[in-house]
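Try each task before you read its solution.

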Amino acid sequence: MTYRGLAVLLAASLTPLALSAPAANAATAAATWDFNGDGRADLAVGAPGATVGGRARAGAVSVVYGGSAGLKPSTYKLITQNSAGIPGAAETDDAFGSSVASADLDRDGYAELLVGTPGEDVDGDTNDGTVLIVWGAKSGLSGARTLVNHNQRENDRYGKALAAGDFTGDGLPEVAIGSSGRFGLNFVSGPFTRTGDFGGGSGGSFAYLSHPYSTSYGIEYLSAGDVTGRGFAGLVVHGREEGTDDAVTTLVDGSIGNFVDWLRDLPGGYVSAVGDIDRDGYADIVVGNHREPSADPAGAKGGKVSVRYGGPDGLDATRAPVTVTQDTPGVPGAAETGDAFGSAVSVGDINGDGYADLAIGAPGESTGTATATGSVTVLYGSATGLTTQGARTYTQNTAGVPGADEKSDRFGGRTALLDHSGDRRADLSVAAPGENAGDGSVRSLRGTTTGPATSGVTDFGPSTTGISTTGSPAYGKTLGG
């Protein structure tokens with residue numbers, strides 16, 4: 001038995017696991033979120049508040065498949081813990097679908113879907129949490145297995161955050177899992193197969209950093225991308241500082257083994273996305289912080305977004321961080337208390353020019369006397385980085401966007417930028433999880449050379465994809481991408 005050495009453990013709390021070593025060779029991976037291998041990204045829509053089999057807040061995920069014209073809501077896969085081939089059973093407060101991630105874990109040319117269920121009770125342990133791998137195939141998603149939790153006695157709410165990628169540079173995938181408890185950050189190593197042992201794993205505590213992470217909040221959000229340009233993923237880790245509920249955010253380089261340089265501080269925030277905004281070969285990190293400065297010192301009036309540009313050492317020290325609010329020149333609107341600008345961020349090349357663009361959700365934005373109707377602002381990438389030139393904001397009152405601005409819709413609560421049609425332009429999907437008193441809904445705007453199109457917008461809700469509207473499913477509280 002050997003430990004493969006994910007170097008993502010703090011020296012002060014080093015607890016490696018003696019697990020079997022993986023095979024040396026790795027095949028070429030399929031694109032993330034392409035579950036049927038047709039070259040088009042599919043969209044996973046989480047509804048962790050969904051009632052399933054009479055069990056309130058058991059949770060569900062609908063996967064809407066892509067097509068030549070974009071998302072096809074008529075072609076979907078409903079996944080719950082009562083679905084055939086899915087381990088477990090739907091139970092009250094499981095919150096299945098609280099997090100999702102994707103990678104081609106078994107290197108068969110089809111991406112897998114990872115689903116977090118942080119409210120799952122395991123072996124009598126309340127809210128122990130679990131993660132499922134749902135397997136991709138030519139016919140779409142089918143069958144699943146439970147991802148091992150190597151630190152089950154040291155954590156709770158396993159699966160509250162998920163990311164997947166090659167974090168060590170060995171050509172094999174790993175899954176990063178957020179939880180609360182002593183070991184908030186957990187890893188399971190490939191190769192991944194439908195049966196047999198998992199490849200290995202590790203876990204670490206962030207409780208000994210200069211800004212220690214709270215073990216009760218744990219790791220709340222994860223994102224990943226190739227920040228160093230070396231062909232493997234850096235991991236962005238979000239939590240709350242111990243003794244407060246202020247955001248603390250860190251970049252982890254899993255290839256570094258000296259326990260000193262593998263962590264880099266980032267602007268504090270609650271969500272992030274990673275992509276190459278200036279097309280220099282290094283992915284850039286976007287961090288969203290929706291809170292007011294009175295609630296979080298790292299916040300801003302109405303919320304903000306911070307950009308750190310990537311470089312060969314992880315972060316490009318020669319370039320100053322960029323901060324964007326609704327008061328930034330060129331950004332539509334104005335920063336107003338409660339806008340929650342930065343609640344959602346996603347990156348992708350909307351107009352096909354090779355530069356990653358940015359979609360920012362502000363679900364607290366109000367229209368007239370209607371509060372929290374929500375909005376999404378799109379900013380574009382360029383050779384010099386993020387620019388406000390051509391920036392535009394979209395709401396449900398924007399001509400061509402279905403629906404209307406209504407109180408507590410929270411349009412922009414989640415966003416995703418993925419190429420659902422295969423035309424090499426990312427489509428903008430926007431969730432409004434508060435739509436219709438908590439039913440939730442999703443709109444998808446096709447990417448074009450001039451930005452998201454407001455004609456032919458795809459609009460769907462929980463009933464369209466097989467999810468009950470009993471209770472408050474919060475359809476779209478999680479979006480894959």
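This is a predicted model: local features need pLDDT of at least 70, side-chain atom pairs count only at pLDDT 80 or more; totals for chains, interfaces and linings use all residues.

Residues are numbered from 1 along each chain as its sequence is written, and side-chain values use heavy atoms, with hydrogens and water left out.

**Exercise 1. Find where Arg182 and Glu154 sit and how they meet.**

Step 1: Start with the contact. The two side chains form a salt bridge, at 3.6 Å from N to O; the term stands for a side-chain nitrogen of Lys or Arg within 4 Å of a carboxyl oxygen of Asp or Glu.

Step 2: Arg182 is in the loop between strand E9 (174–181) and strand E10 (185–189), and Glu154 is in the loop between strand E7 (144–146) and strand E8 (155–165), so the pair links distant parts of the chain, 28 residues apart. Strands (E, at least two residues) and helices (H or I, at least four) are DSSP runs, numbered from the N terminus.

Step 3: Arg182, with a relative accessible area of 45%, is partly exposed, and Glu154 is partly exposed at 30%. Here buried means under 20% relative accessible area, exposed over 50%, and partly exposed in between (1.4 Å probe, protein chains only).

**Exercise 2. Work out what the salt bridge of Asp245 and Arg291 ties together.**

Step 1: The side chains meet at 3.2 Å, N to O.

Step 2: Asp245 lies in the loop between strand E13 (234–240) and strand E14 (247–252), and Arg291 in the loop between strand E17 (284–289) and strand E18 (304–308), so the bridge ties together parts that are 46 residues apart in sequence.

Step 3: Asp245 is partly exposed at 25%, whereas Arg291 is buried at 15%.

Step 4: Now set this pair in context: the model has 13 salt bridges by this rule.

**Exercise 3. Describe the open sheet of four strands.**

Step 1: Read off the order, which is E3-E2-E1-E30, with antiparallel pairing. Two strands pair if DSSP finds at least two bridges between them.

Step 2: Find the edges. Strand E3 (70–79) and strand E30 (478–479) each pair on one side only.

Step 3: Look at one pairing. Strand E1 (residues 43–47) and strand E2 (residues 60–67) run antiparallel and are joined by five bridges. Ala44 stands opposite Val63 in E2.

**Exercise 4. Is Asn151 buried or exposed, and what does its side chain contact?**

Step 1: Asn151 is in the loop between E7 and E8.

Step 2: Its relative accessibility is 5%, so Asn151 counts as buried.

Step 3: The side chain of Asn151 makes a polar contact with the side chain of Asn186, at 3.1 Å. Such a contact is a pair of N or O atoms within 3.5 Å; within protein, one must be able to donate a hydrogen and the other to accept it, and residues adjacent in sequence count only if both atoms are side-chain atoms.

**Exercise 5. Which strand gives the most to the lining of the second largest pocket?**

Step 1: On a 1 Å grid over the protein atoms alone, a pocket is an open set of points where a 1.4 Å probe fits, with protein on both sides within 12 Å along at least five of seven lines; lining residues have an atom within 4 Å of a point.

Step 2: The lining includes His211, Glu241, Asp265 and Pro297.

Step 3: E14 gives the most, with three residues.
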